[in-house]
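Here's a quick briefing to read with the structure open beside you.

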Amino acid sequence: MSFDPNIPGATGSSDGDAAFRMSPEEFRLIRDFIQTQCGVYFGDSSQFILEKRVARLLRAHRLSNFRDYYYYLLYDRRKAEELATLIDSITTNETYFFREEKQLKAFSSEILPELHARKREQGDRALHIWSAGCSSGEEPYTLAMLIMESGLFRDFRVDIFANDISHRMLQAARKGIYGPSAFRSAEPKYIDRYFTEKGESWRINDDVRKFVSFSHLNLVERSKISLLRTMDLICCRNVIIYYDLPTKKRVIQSLGEKLAPGGYLLLGHSESLINISNAFELRHLKNDLVYQRPRKPDA
Amino acid sequence: MNPSEALKSALRDPNEEVRRQAVESLVEWPAEESLRLLIEALGDESWRVRKTAIDVVLSYPDPPRAIDELVAALHADENVGLRNSAVEALIRMGERVVPALLKHTRDPSHDVRKFVIDVLGGIGDPRAVPALIDALADPDDNVRCAAAEMLGVVGGEDSVASLLENLRRDDLLLQFSSLQAISNIGKPVPLEEIAPLLEKPLLRKAVYECLGNIPDLRAVDLLVKGVCDRSNVNHEAAAMALVNLFHHAPTPEFRRTLEARVKDRIGPAQVARLAEDLENAPLGRRIPIVELLGLAADPSAALALLEAAVDEEVQRDAIAALVRMGAPAGEKLTREFSRLQGGRRAIACVALGEIGCLNAERAMIAALEDEPAVSAAAATALGKLGAVRAVKPLSRLLEGRSEDVQEAAVGALVSIARRHHAEVVARIKPCACDAIAVLRANAVRILGEIGIEEGIETIQMAAKDESPVVRRTALEALGRIDFARFEEVFALALTDESAEVRQLTAALWGASHHSRAVEELAPMLEDEDLWVRCAAIRGLGESGDAAAIGMLRARLGADGGMEAIAALESLVRITGDAALEELCKALSHSDTEVARTAVDLMERREGPVTGAMADQVADLLWHEEAQLRLAAARFLGNRQVRGALASLAARWEEETDPEVRETIQDSMQHLGGSLTPTHV
């Protein structure tokens, strides 16, 4: 997830927004509500972004102030629907295929062979991966393509579980149709091999789609996460940066509980677990630094 | 003027409404004083006053006295209104008047004897049969005929012998009444006793009706001849009787022979006549005529049957008759198909499909482009015909204009796949990747219904579709195929972004009886969507797993009535009678629907009704919600809570809701209580 300052109105210059000014009290109410519902935290410096995003929703509902919108979120009979809309509008999900090349190189040339060897030794023929905060699906499909390219898991059962809190993103992910900007880092061979052209877009092929399953899951909801199976690798890139510290800790703890001993946790290149969790070891791979759950059981 | 004089004065008032109200007020008067006045009022010149008097006399607290007076009123030669009111009142009083009436079957007055017989017949009590048989020998014609007629009403096969004796007497009216009675009683009689009476034209109708109860092929022959009778009345009676014999045939062989004789001997002229009857006959006679035309199996009647089938009440039988006619009817309908319009085309499609007329295939395929009702009927017919050539045009209907047409196309393709699954799968599988969601969903449904292995991968992919409708359809299909095999898919589907998908999945988990069902459904109890939570609760109930009991108990206190109701029903499903404590607690839930559900569940319980339970439910008779009072009253009656009689009576005094009043009354009668005069 990321915030896009280039969205019209983000600088407060679009028509109609001048009428909507969020008071500090209103900012606090709506910010806290969002944080409770989905863990996303807007720091004080992000008030203007929240104001612009929510202003659009005020216009749509013909409300005159943010407090009324807050009450709408709390009491209206369509509040669940509105929450989904709110989440869609505050999360602008900038992503593309094969994002963060170094980390993906570590994934395909180092992590996958290690996992393969370990599983062969254990007689285990299943690979489980979780793309946490998958946005419009580029990340899980990328992982699937890399697994297929490696050729190591042809006789394995491969499940890539992908979740997001945005309905709009999940819909796009399931559809699997992407415009040119999604391929800015993709080598042509992947496009040829794993996509079918559809006019000016490309659709991901079924032989890739079949490995990926999408789900609407909020990473702060421990009860739902507890239902997931144990994973060999979790990708949670550029997600927790939007949480406050206590929420980050809770989310990382949940992810850790779902990781098999020796399982990998991949975060965004600018993210780290310092002050967040001691449950992981930092592995220095040739191509990148990654976190790993210790192979021995925790003391 | 003292009250008594005021009342008498009111009963003589020239204004009928004053008189009527005065009669109504007689319920409050001591029985001794009021009966005489009531009997007089039964003879009032105004039918409204007489009607009110009948209503009041029915609740008179000393029925034997009232009966005696009413029987005495039958002698009132000078007042026809009084006599008729007395007859009506006695009939409505029912079985309890029979012993008193039986004493008057030999009254010196033949009119009284006739009235007594009419009343006994109106009541229909079998205790009257011996007296009615005796009355067959009454010196008066009217009494004899009335006795014969009433024996037909009261029934009793014992009377048939006496009725047969009457047939030997040369008394046309008596013979007619006796024949009718024999026909109504329905017991087969010797053919030789009644067949000769066919010589008498006025008796033929009644004879045919009797023949309809004699399972004898000679009766069949006589009736087949009777269908050719010139008189419409006789022709129709013979037709009805033939159909009756067909339905009550003693053996399959008899039925087959009857059918063969009808087919053989009812010719085109009679078929045309029956078809004409069909147009004008009232409903009660239309269906037997339709059935007879089916037996006659003459395709010239096919269009008449099609026309009759336009009437929904006759439709099923008319189509069955066409099917019985078989291929010749099919050919006729196929030839005429292009000339048919609207509803008739649709019915013709149904009939052609049921008949299995393969020659109709081309016409049916063309009809797929017709208006929705015809298109749907044609699709269904093609399915029944197993028409592999229709696969392509049917597949085009899967994204069609109306849901009914889509539904019919799905059904047809599934039917065709039973014999030609390779062709259907080859055509349908690509549809699962179409751009249009409804087409994908229908394709998945078909593959799911066909259930072959080569379709499963497609269905699994559909479970990841962007459209929640397609995902739902895929999950339903996988659930039908093998839940356990796809349990991981169902586990994941509980986290779907669509509430409808989650709701369905919760239901599927419940129905699966999978060992993980409780574990998977537990978190769904906190879902944001009410319907999903309810589906999870019901799923836990359906799982039957005792591990769910604690979770269900916790939901009983849910703010939302729907969840509490679902939890209550689920708890009872798992624990049965052991859920008594929870049911009792729910009686005082703030949501009256929850309380009402608790009462209904208690009513269905098998265990005994405890004193505490009875008291709590009886208290609900005073609840402000009528529906809850009604449920409580019904419970107390159906569960035979005798101790509640006083509570019911007390509530009846004050109840204003008519439905609740009626239920209280029924319950009290069920418990052997009755309403006192003050309660009328």
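Let's start with chain B, which has 42 helices and zero strands. Keep in mind throughout that this is a predicted model.

**Chain B overall**

- The C-alpha trace of chain B spans about 90 × 75 × 45 Å along its principal axes.
- Chain B has a radius of gyration of 35 Å, whereas a compact globule of 680 residues would come in near 26 Å.
- As for burial, 48% of the 680 residues of chain B count as buried.
- Take the contacts in chain B between residues at least 6 apart in sequence: 64% of them join residues at least 24 apart.

**Nonpolar cores**

- The largest nonpolar core holds 227 residues, and the ones that touch the most other members are B:Leu242, B:Leu305 and B:Leu413.
- Helix H27 of chain B (residues 403-428) gives this core its largest share, eleven residues.
- If you want to look around B:Leu413, skip its neighbours within four places in sequence and you'll find it in contact with B:Val391, B:Leu394, B:Ser395, B:Val424, B:Ile428 and B:Ile446.
- Another core, of 75 residues, lies apart from that one, and its members include A:Ile30, A:Val40, A:Leu170 and A:Cys236.

**Where the chains meet**

- The contact between the chains draws on 17 residues from chain A and 15 residues from chain B.

- The average pLDDT of chain A is 87, and 92% of the residues score at least 70.
- Residues 1-17 of chain A are the stretch to treat with care: the pLDDT there is below 50, though the model gives this stretch 28 contacts beyond near neighbours in sequence.

**Domains of chain A**

- Chain A splits into domain 1 (17-90) and domain 2 (101-292).
- Where they touch, domain 1 of chain A puts in eight residues and domain 2 of chain A twelve residues.
- On the domain 1 side of that contact in chain A, helix H1 (24-38) and H4 are the elements that give two or more residues.
- H4(A) makes the largest contribution to that side, with three residues.
- Sorted by class, the side of domain 1 of chain A that touches domain 2 of chain A has five nonpolar residues, two polar and one charged.

- A:Phe98 is not a glycine, yet it has a positive phi of about 60°.
- You'll find A:Phe98 in the loop between helix H4 (79-90) and helix H5 (101-122) of chain A.
- B:His513 sits in the loop between helix H32 (499-512) and helix H33 (517-521) of chain B.
- B:His513 has 13 C-beta neighbours inside 10 Å, so it counts as partly exposed; the cut-off for exposed is 12 or fewer.

How values were computed: Residues are numbered from 1 along each chain as its sequence is written. Chains are lettered from A and ligands numbered from 1 in the order in which they are written. This is a predicted model: local features need pLDDT of at least 70, side-chain atom pairs count only at pLDDT 80 or more; totals for chains, interfaces and linings use all residues. Two residues are in contact if their C-beta atoms, placed from the backbone, lie within 7 Å. pLDDT is the predictor's confidence in each residue, from 0 to 100. Helices (H or I, at least four residues) and strands (E, at least two) are DSSP runs, numbered from the N terminus. A residue is buried if 20 or more other C-beta atoms lie within 10 Å of its own, exposed if 12 or fewer, and partly exposed in between; C-beta atoms are placed from the backbone. Domain bounds come from an automatic or database domain assignment. Ala, Val, Leu, Ile, Met, Phe, Trp, Tyr, Cys and Pro count as nonpolar, Asp, Glu, Lys and Arg as charged, and the others, Gly among them, as polar. The radius of gyration is taken over C-alpha atoms; the globule rule is 2.2 Å times the number of residues to the power 0.38. A nonpolar core is a set of buried Ala, Val, Leu, Ile, Met, Phe, Trp, Tyr and Cys residues joined through C-beta atoms within 7 Å.
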